[in-house]
Amino acid sequence: MSIRQSVKSAVARSPAARRLQLSLWATTVRRDASASLDGRPDTEALRGVLRRVGRRPSDPAAQEWVPRLESHRATLLESKAPIRLTETAWRDASEVEVITVGEACARASKNAPSCLMLFDLIRTMRPQTCLEMGSSVGVSGSYLGAALKANGAGRLFTTEGQPDIAQTARETFRALDLDVVEVTTGMFDDTLPELAARVSPIDFAFIDGHHQEEPTRRYFEVLLPSMSPGGIMLFDDIAWSEGMRRVWAQIRQDSRVDVAVDLTTLGLVRLR
Ligand SMILES: C[S@@+](CC[C@H](N)C(=O)[O-])C[C@H]1O[C@@H](n2cnc3c(N)ncnc32)[C@H](O)[C@@H]1O
């Protein structure tokens with residue numbers, strides 16, 4: 001396990017550390033990210049989402065769904081079911097290992113306030129077609145899918161390179177009756193071109209896997225022709241490495257991007 005994964009896993013399992021980290025993040029987003037949109041009246045809805053980050057949701061759909069979604073996350077965290085990680089472009093054969101569903105969930109899943117922000121984004125922007133790169137065990141996808149269900153319209157297409165993990169995500173969506181979610185198994189470079197073209201136009205894309213400079217640039221370019229005008233792309237881990245900082249700086253200044261917001265760890269763009 002990398003140092004980063006160990007820290008993430010430890011924080012995920014320590015309630016006090018997690019609360020502090022998340023409350024700092026939420027405060028920063030509410031204050032700085034929403035202020036960065038001042039002077040753009042056409043971003044009022046988006047600013048509303050950012051101003052609600054870390055707050056108790058007033059949306060009845062969120063009040064109904066969040067306890068169910070977090071209860072399922074708790075079940076996943078407790079699960080000792082094995083996941084065999086296969087060799088991939090980002091793991092070499094010597095690293096192939098078996099972990100538990102609980103470990104996979106603790107290592108990779110977005111935290112509850114970020115997931116709630118995703119839920120709020122979907123409820124507010126009402127996208128018809130959403131795409132997620134990096135299903136993991138289905139935690140962020142279940143928030144996206146639940147928000148689409150609450151909207152009464154829309155579908156989520158999520159893709160994952162590890163077969164055992166993708167299967168766990170499918171079980172998550174089944175357990176939560178989220179029939180609006182479809183999981184594709186395969187490496188992004190193999191699945192994305194066909195998937196993006198098939199489900200186009202995409203109104204919301206969450207890029208939450210393979211956080212490296214060149215792949216992120218490539219995925220941005222592959223997704224762009226399939227995005228709808230005004231579509232939203234959300235990138236995770238934009239500040240993780242020098243390379244990610246570089247690619248995020250380029251994406252946010254791209255001439256095809258209309259609005260870019262820095263949420264410290266996440267970067268959001270709205271396309272022209
Ligand atoms: C950070 S996790 C996703 C977390 C998930 N969105 C959540 O919050 O519940 C990233 C996932 O992307 C997958 N992944 C990373 N690089 C990939 C690639 N090149 N192709 C396919 N899957 C990839 C990993 O196996 C991992 O499960």
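This note comments on selected features of the structure shown above.

1. Basis of the model. The model is predicted, so that local features require a pLDDT of at least 70, side-chain atom pairs count only at pLDDT 80 or more, and totals for chains, interfaces and linings use all residues. Residues are numbered from 1 along each chain as its sequence is written. Helices (DSSP runs of H or I, at least four residues) and strands (runs of E, at least two) are numbered from the N terminus.

2. Ligand surroundings. The ligand is surrounded by 18 residues, the closest being Gly-134, Ser-136, Ser-140, Gly-161 and Gly-209. A residue is counted here if its C-beta atom, placed from the backbone, lies within 6 Å of the molecule. This shell contains 7 nonpolar, 8 polar and 3 charged residues. Ala, Val, Leu, Ile, Met, Phe, Trp, Tyr, Cys and Pro count as nonpolar, Asp, Glu, Lys and Arg as charged, and the others, Gly among them, as polar.

3. Helix α10. In this helix, residues 213–223, the residues Thr-216, Tyr-219, Phe-220 and Leu-223 are buried. A residue is buried if 20 or more other C-beta atoms lie within 10 Å of its own, exposed if 12 or fewer, and partly exposed in between, with C-beta atoms placed from the backbone. Seen down the axis of α10, the buried residues fall within an arc of 105°, so they line one face of the helix. The arc is that of the directions from the helix axis to the C-beta atoms. The face turned away from the buried side carries exposed Glu-214 and Glu-221. Among the elements covering the buried residues of α10 are β3 (129–133), α9 (188–199) and β6 (202–207).

4. Nonpolar core. The largest nonpolar core has 69 residues, of which Phe-119, Ile-122, Ala-205 and Met-233 touch the most other members. Such a core is a set of buried Ala, Val, Leu, Ile, Met, Phe, Trp, Tyr and Cys residues joined through C-beta atoms within 7 Å. Helix α6 (residues 112–125) gives the most to this core, namely 7 residues. Leaving aside residues up to four places away in sequence, Phe-119 touches Ala-62, Tyr-143, Ala-146 and Ala-147. Contact requires C-beta atoms, placed from the backbone, within 7 Å.

5. Strand pairing. Strands β7 and β9 (residues 266–271) run antiparallel and are joined by 5 bridges. Two strands pair if DSSP finds at least two bridges between them. Strand β8 (residues 257–263) is also antiparallel to β9, over 6 bridges. Leu-268 in β9 is the bridge partner of Leu-234, and Val-261 also stands opposite Leu-268. β8 and β9 form a hairpin with 2 residues between them, where Thr-264 in the turn has a positive phi of about 65°. By contrast, β3 and β4 run parallel, joined by 5 bridges. In β4 (residues 155–160), 5 of the 6 residues are buried.

6. Backbone points to check. Most residues other than glycine have a negative phi, and most peptide bonds are trans. The peptide bond from Ser-200 to Pro-201 is cis, with omega near 0°, and Pro-201 lies in the loop between α9 and β6. Arg-126 has a positive phi of about 50° and lies in the loop between α6 and β3. Asp-177 has a positive phi near 60°; Asp-177 counts as exposed because 11 other C-beta atoms lie within 10 Å.

Notes
Contact = placed C-beta atoms within 7 Å.
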